[in-house]
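Have the viewer open alongside and follow along with me.

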Amino acid sequence: MTARDLVSSAPVVKTRASVHITLLGGFDLLVNDVPVTSPVGSKRLLAFVALNCRTPLPRSLIAGNLWPKVPEHCAYTNLRSALSRLRAVGRRALEVHPTEIRLARNVTVDLYRARSLAQRLLTPRVPVEALHVTAATVDELSADLLPGWYDEWALLEAEVWRQLRLHALEALANAFIDTKEFAGAVSAAQAAVRVDPLRESSQASLIRAYLAEGNTSEAMHHFEWYAQHLGDELGLCPTKRLHRLVADVRRAHAVNGSLRR
């Protein structure tokens, strides 16, 4: 037997395709890192199943949520159509059974990693060093979930993610302050402020970051901007807690001003 015969008779080992679903910053389906185009109905199906992690979902639940305003038999028809219009590579993302559908076990989803990261940041008494945070961590927590999607189920999940990442970004800013990585602290706090400019705890994180790196002018400028913005938008004033953050800076400014005179 020749070497060619040995090669031709060897069993062919098929490698399993890597399938990845992106939900943060917009929907995307990647198979072996190659984007796969899917119809809108099929994208919604994949996103809904992915948002429910590995839980097997009854077809009735999926159809009712994806097509809530049509008769039940039409919703089932739409679900069958969404499944059939998925290309073979797209079907690899799902395990389809007669009564239920679930995410295939080999599929990765960006939201799962980001959610796990956020939860680690919020775990009490975990040493900062054990978190292994870097500047790239801010990017992982900065993207909206399915922006531009207005289905009720997508909006509900987007709000859950928004609240989780806001708390995580604030915790990340504090962690960077503790390790004296002030650029990272400012970046994390700014990301939180972009998500919700009226949220006082995010503003406090940013002011603390400016003060920690010694940029008192930036801290005061931002405090005054926030106070003005809060008054214009909601007719409110910053709380005493936020005033206390900049109290020392104001006192020092007042003393310096009196000395100059």
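Which residue stands opposite Glu100 in β6? I looked, and found Pro58 there. Before going on, I noted that this is a predicted model, in which local features need pLDDT of at least 70 and side-chain atom pairs count only at pLDDT 80 or more, while totals for chains, interfaces and linings use all residues. I also noted that residues are numbered from 1 along each chain as its sequence is written, and that side-chain values use heavy atoms, with hydrogens and water left out.

**Entry: the whole chain**

I started with the totals: the chain has 13 helices and 7 strands. Helices (H or I, at least four residues) and strands (E, at least two) are DSSP runs, numbered from the N terminus. Of the 261 residues, 39% count as buried; buried means under 20% relative accessible area, exposed over 50%, and partly exposed in between, with a 1.4 Å probe and protein chains only. Among contacts (heavy atoms within 4.5 Å) with a separation of 6 or more, 60% join residues 24 or more positions apart.

**Entry: the open sheet**

I went back to the strand that holds Glu100. Strand β6 (residues 100–103) pairs with β4 in the antiparallel sense over 2 bridges; to pair, two strands need at least two bridges found by DSSP. The open sheet has 3 strands in the order β4-β6-β5, and the pairing is antiparallel. β4 (57–58) and β5 (94–96) stand at the edges with a single partner strand each, so one side of each lacks a neighbour in the sheet. I then checked what lies on this sheet: α2 packs there, touching β4, β5 and β6, and its direction makes about 75 degrees with that of β6. For that angle, axes are lines fitted to C-alpha atoms, for helices over the stretch in contact, and angles run from 0 to 180 degrees between N-to-C directions.

**Entry: two hairpins**

Strand β1 (residues 19–22) pairs with strand β2 (residues 28–31) in the antiparallel sense over 4 bridges, and Thr22 stands opposite Asp28 in β2. Their hairpin has 5 residues between the strands, and Gly25 takes a positive phi near 85 degrees in it.

β2 also pairs with β3 in the antiparallel sense, over 2 bridges. Val34 in β3 is the bridge partner of Val31. This hairpin has 2 residues between the strands, and here Asn32 takes a positive phi near 55 degrees.

**Entry: two serines**

Is Ser38 buried or exposed? Ser38 is buried, because its relative accessible area is 10%. I placed Ser38 in the loop between β3 (34–35) and α2 (40–51). Not counting residues up to four places away in sequence, Ser38 touches Leu29, Lys43 and Leu86.

Ser42 lies in helix α2 and counts as buried because its relative accessibility is 1%. Leaving aside neighbours within four places in sequence, I found Ser42 in contact with Ala82, Arg85 and Leu86.

**Entry: aromatic rings**

How many aromatic pairs does a search of the whole structure find? I got 3. Rings of Phe, Tyr and Trp (its six-membered ring) pair if their centres lie within 6.5 Å; planes under 30 degrees apart count as stacked, over 60 as edge-to-face and the rest as tilted. Phe48 and Trp153 have ring centres 5.2 Å apart and planes at 85 degrees, so this pair is edge-to-face. Phe48 is in helix α2 and Trp153 in helix α9 (residues 152–178), so the pair ties together parts 105 residues apart in sequence. Both Phe48 and Trp153 are buried.

Trp149 and Trp153 are also edge-to-face, at 6.2 Å centre to centre with 80 degrees between the planes. Both Trp149 and Trp153 are buried. Phe27, Phe48, Trp149 and Trp153 form one aromatic cluster.

I found Asp178 in helix α9, and it is exposed because its relative accessible area is 58%. Helix α11 (residues 200–212) has 13 residues. Buried residues in α11 include Glu200, Leu206, Ile207 and Tyr210. Just after α11, Gly214 takes a positive phi of about 90 degrees.

Technical notes. The expected span of a helix is 1.5 Å times one less than its number of residues.
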